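Take a look at the view below, and then we can walk through it together.

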Amino acid sequence: MTRHPPAIDDESLVAALRLAAGRDPVPAHILAAARAVFGLRVPGAAAAVPTATAAPLGVRSAEEARLLRFTAADLTVELEVTSVDGLVDLAGQVSPLPEAGTTVEVRTPHLTQSREVSATGQFAVTGLPPGWFSVVCRRPGHYPVVTSWTRIRP
Amino acid sequence: MVSEAPVSDQHTIDAALAGDQAAWDALVARFSGRLWSVVRAYGLSAADAADAVQGTWLRLVENLHTIRDPDRIGSWLLTTARREASLLSRRNRGERLIADPAATEHADSGPPRAGHVHPDPALTVLSADEGRRLWRAVEAMHEPCRSLLLLMATAPDAGVHQLAGRLGMPSGSYGPTRGRCLNRLRTMLTAQEAQP
């Protein structure tokens, strides 16, 4: 009986050849970064997943702000992304309006910036390196809410 | 250089879910080589490849509790890595011109849903034997395929101009020739598979 193996696409074939050749080993810093990712989990957190935002009108340009929205059952986190000189600025809005003592942590794999959320639900972080981002929102008496990791590049 | 792919057992996943760093490190050690190879196969720079691999592990941290079948964790990781790599590769070619990142980058790069995991047999279960079989097939090919595939696999950082120069062909011919060689190799492998 003839077996029909699933078609292998070019990328898989190239990857298999390289893997078998053993000439492109994984750099040590990639392994270290992958191990460190484990420290970024937030046990017991509720996930806020990305939801579509209305497409901005008009012509897009490099300077234009992007809006990301993440929703969990009882909390929405919006992030307005701008970039200056290759770095990322985030202006955030938590809704519904959070109670006093609510904090956010804006995280990249390498650093975390903590902010108190204002009475109007806003927070801001500037000058972050581009790459992967996630925001943890901690409200008194609630489980933390953590947004899905999202790649942000200028 | 290619290690056998042991089945990622439920115990390792349970331990990682319970907060055991050593169990996580075991997953990293087991799958990093494959993830690196697959993202590099999209022609990504070392920095972009690092970004794609890191994103894949971040997605696993988010989704580990949803992976019901431990045998599929390898496929899940490879599928996720391919999506990340493909997005970056398209972006580098200037194809990322869509306004809403939540509806595009993220939806595309999100964790694969159950049932939509690319099986990726070539990589998930690439054993040392199969790696040798792959290279025996390449060695049986005619030129320029034999040299082209060897060079492509062993000089992962070389650009098209450099590769074409070393093969003595115009740069514009490299891509189409590579495509034909990969097709031929695929046909040879399929023919081998079909033999009893």
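## Starting from one leucine

In which helix is Leu151(B) found? It is helix α8 of chain B, which spans residues 145-154. Please keep in mind from here on that this is a predicted model.

Is Leu151(B) buried, exposed or partly exposed? Leu151(B) has 16 C-beta neighbours inside 10 Å, so it counts as partly exposed.

Setting aside neighbours within four places in sequence, the contacts of Leu151(B) are Leu163(B), Arg166(B) and Leu167(B).

## Chain B as a whole

Stepping back from that helix, chain B turns out to have 10 helices and 0 strands.

Chain B has 196 residues, and 36% of them count as buried. Among its contacts with a separation of 6 or more, 67% are between residues 24 or more positions apart.

## Chain A: two helices, then strands

Chain A has 2 helices and 10 strands. Along the sequence, they are arranged as α-α-β-β-β-β-β-β-β-β-β-β.

Of the 154 residues in chain A, 35% count as buried. For chain A, residues 24 or more positions apart make up 51% of the contacts with a separation of 6 or more.

## Strand β1 and its two partners

Which way do β1 and β9 of chain A run, parallel or antiparallel? Strand β1 (residues 46-51) and strand β9 (residues 145-147) run parallel, joined by 3 bridges. Here you can find Ala47(A) opposite Val146(A) of β9(A).

β1(A) is also joined to strand β2 (residues 66-72) of chain A, again by 3 bridges, and this pair runs antiparallel. A pair of residues to look for here is Pro50(A) with its bridge partner Phe70(A) in β2(A).

## How confident is chain A?

The mean pLDDT of chain A is 87, with 88% of its residues at 70 or more. Residues 1-5 of chain A, however, have a pLDDT below 50, and this stretch makes 6 contacts in the model beyond near neighbours in sequence.

Note on methods: Residues numbered from 1 in each chain as written. Chains lettered and ligands numbered in written order. Predicted model: local features only at pLDDT ≥ 70, side-chain atom pairs only at ≥ 80, totals over all residues. Helix = DSSP H or I, 4+ residues; strand = E, 2+ residues; numbered from the N terminus. Buried ≥ 20, exposed ≤ 12 C-beta atoms within 10 Å, placed from the backbone. Contact = placed C-beta atoms within 7 Å. pLDDT = per-residue confidence, 0-100. Pairing = 2+ DSSP bridges.
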